[in-house]
Amino acid sequence: MQQPRLLTTPQGAISSSGVEAAELAAAAGLFLDDWQRLALDVALGERADGRWAAFEVGLVVSRQNGKGSILEARELAGLFLFGERLILHSAHEFKTAAEAFLRVKSLVDNTDDLRRKVKQIRTSHGDEGIELLDGARLRFVARSRGSGRGFSGDCVILDEAYHLGPQEMGALLPTLSARPNPQVWYTSSAPMSTSTQLHAVRRRALAGGSDRLAYLEWSAPADCDPADPGAWAQANPALGLRVRDEFVRAELDAMPLAEFRRERLGVPDDEAGADRQVISDEAWAALADAGSEWVGVP
């Protein structure tokens with residue numbers, strides 16, 4: 001299914017740079033699926049003043065569907081089209097950030113028009129990044145309480161957002177405060193019980209009222225049948241393309257059900273410490289005995 005089950009669009013968008021970002025990616029040999037282009041269209045909506053309608057972008061989709069390609073297209077566009085001076089791509093683990101760097105590096109290396117605009121590509125461990133002749137930079141970092149401090153970024157990518165806590169947010173988000181048109185992305189598979197920041201973003205998306213939040217989630221309903229291929233399709237927009245039905249069926253057999261529901265069906269874990277209402281207010285009220293009375297002193 002190319003449309004997300006949950007979609008929140010920011011207010012005030014009158015146009016989008018998503019088409020231009022997808023076209024640049026295609027020129028570099030990265031051809032996006034319909035759902036990936038949709039994510040860019042929603043995330044890169046622009047207001048009448050030319051600024052992003054969405055300050056925050058939440059993108060939740062099951063693993064191996066192609067989320068990374070959306071980030072690659074966004075980062076290429078930020079560097080070569082949007083005039084962003086610094087883009088920070090962070091991940092919980094360094095190996096994930098390093099892999100993302102290699103994919104973007106390959107796209108740039110294999111595209112003459114892009115490569116000619118590059119001043120240097122840094123490949124030293126912990127210093128991975130791309131710098132253009134005009135000074136624009138794309139940096140890849142592993143998250144920590146201090147990563148991102150001292151930088152003034154135009155776009156911050158928070159990949160593996162299921163492992164994002166308040167300390168990391170405190171280190172990274174203030175880097176956007178002085179920029180004229182900043183944007184932050186949360187990209188992840190479904191939240192775990194400890195995914196405090198991702199749960200908070202999801203709650204705001206479900207509640208509405210966050211005018212500058214774009215949120216796209218490919219997931220199956222919590223009460224779905226895990227063996228239903230229709231549920232698989234809701235959570236996996238690349239089902240039949242990158243994700244094969246037979247592999248999902250094998251995962252269902254091999255994985256604990258709770259893990260399968262979260263990792264393949266996009267059903268979030270209950271948030272740690274959250275109150276769970278097992279019996280609805282209506283069901284509880286229906287059990288009232290209108291004829292009951294206090295006996296003795298209450």
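The accessible surface of the protein chain in this predicted model comes to about 14,400 Å², and carbon and sulfur atoms account for 51% of that area. As for overall dimensions, the C-alpha trace spans about 85 × 45 × 40 Å along its principal axes. The chain has 298 residues, and 48% of them are buried. It's built with 11 helices and 11 strands.

Part of the surface is nonpolar. I279, W284 and L287 make a nonpolar patch of about 380 Å². I279 sits in the loop between α10 (257-263) and α11 (281-286). With a relative accessible area of 45%, I279 is partly exposed, because that value falls between the 20% and 50% cut-offs.

On to the charges. The chain carries 33 positive and 43 negative side chains, and the centres of these two sets lie 8 Å apart. Side chains of opposite charge can pair when their charged atoms come close. A search of the whole structure turns up 26 salt bridges.

One of these salt bridges joins the side chains of E263 and R63, at 3.5 Å from N to O. This pair ties together distant parts of the chain, since E263 belongs to helix α10 while R63 is in the loop between β4 and α3, 200 residues away.

A second salt bridge brings E84 and R74 together, with 2.8 Å between N and O. Here the partners are 10 residues apart, with E84 in the loop between α3 and β5 (86-91) and R74 in helix α3 itself. E84 is buried, its relative accessible area being 4%, and R74 counts as buried too, at 0%.

Then there's R116, which forms a salt bridge with D113, the closest N and O atoms being 2.5 Å apart. R116 is exposed, with a relative accessible area of 58%. Elsewhere, salt bridges that share partners link R63, E259, R262, E263 and D269 into one network.

Most residues other than glycine have a negative phi. Q64, though, has a positive phi near 70° and isn't a glycine. It's located in the loop between β4 (56-60) and α3 (67-80). Q64 counts as exposed because its relative accessibility, 63%, is over the 50% cut-off. E160 is another non-glycine residue with a positive phi, about 55° in this case. E160 is found in the loop between β9 (155-158) and α6 (166-172). E160 has a relative accessible area of 11%, so it counts as buried, being under the 20% cut-off.

Finally, G129 gives a look at a strand residue. G129 lies in strand β7, which covers residues 129-132, and at 2% relative accessibility it counts as buried. Leaving out residues up to four places away in sequence, G129 touches F101, Q120, I121, R122, L138, R139 and F140. D49 is another matter: 80 residues from G129 along the chain, its C-alpha atom is separated from that of G129 by 31 Å.

Terms used:
Residues are numbered from 1 along each chain as its sequence is written. Side-chain values use heavy atoms; hydrogens and water are left out. Helices (H or I, at least four residues) and strands (E, at least two) are DSSP runs, numbered from the N terminus. Buried means under 20% relative accessible area, exposed over 50%, partly exposed in between (1.4 Å probe, protein chains only). Accessible areas come from the Shrake-Rupley method with a 1.4 Å probe; for residues, only the protein chains shown count as cover. Lys and Arg count as positive and Asp and Glu as negative; His and the chain ends are not counted. The place of a charge is taken as NZ of Lys, CZ of Arg, CG of Asp or CD of Glu. Patches are made of residues with over 30% relative accessible area and no salt bridge: like charges are joined within 9 Å, nonpolar side chains (Val, Leu, Ile, Met, Phe, Trp, Tyr) within 5 Å. A salt bridge is a side-chain nitrogen of Lys or Arg within 4 Å of a carboxyl oxygen of Asp or Glu. Contact means heavy atoms within 4.5 Å.
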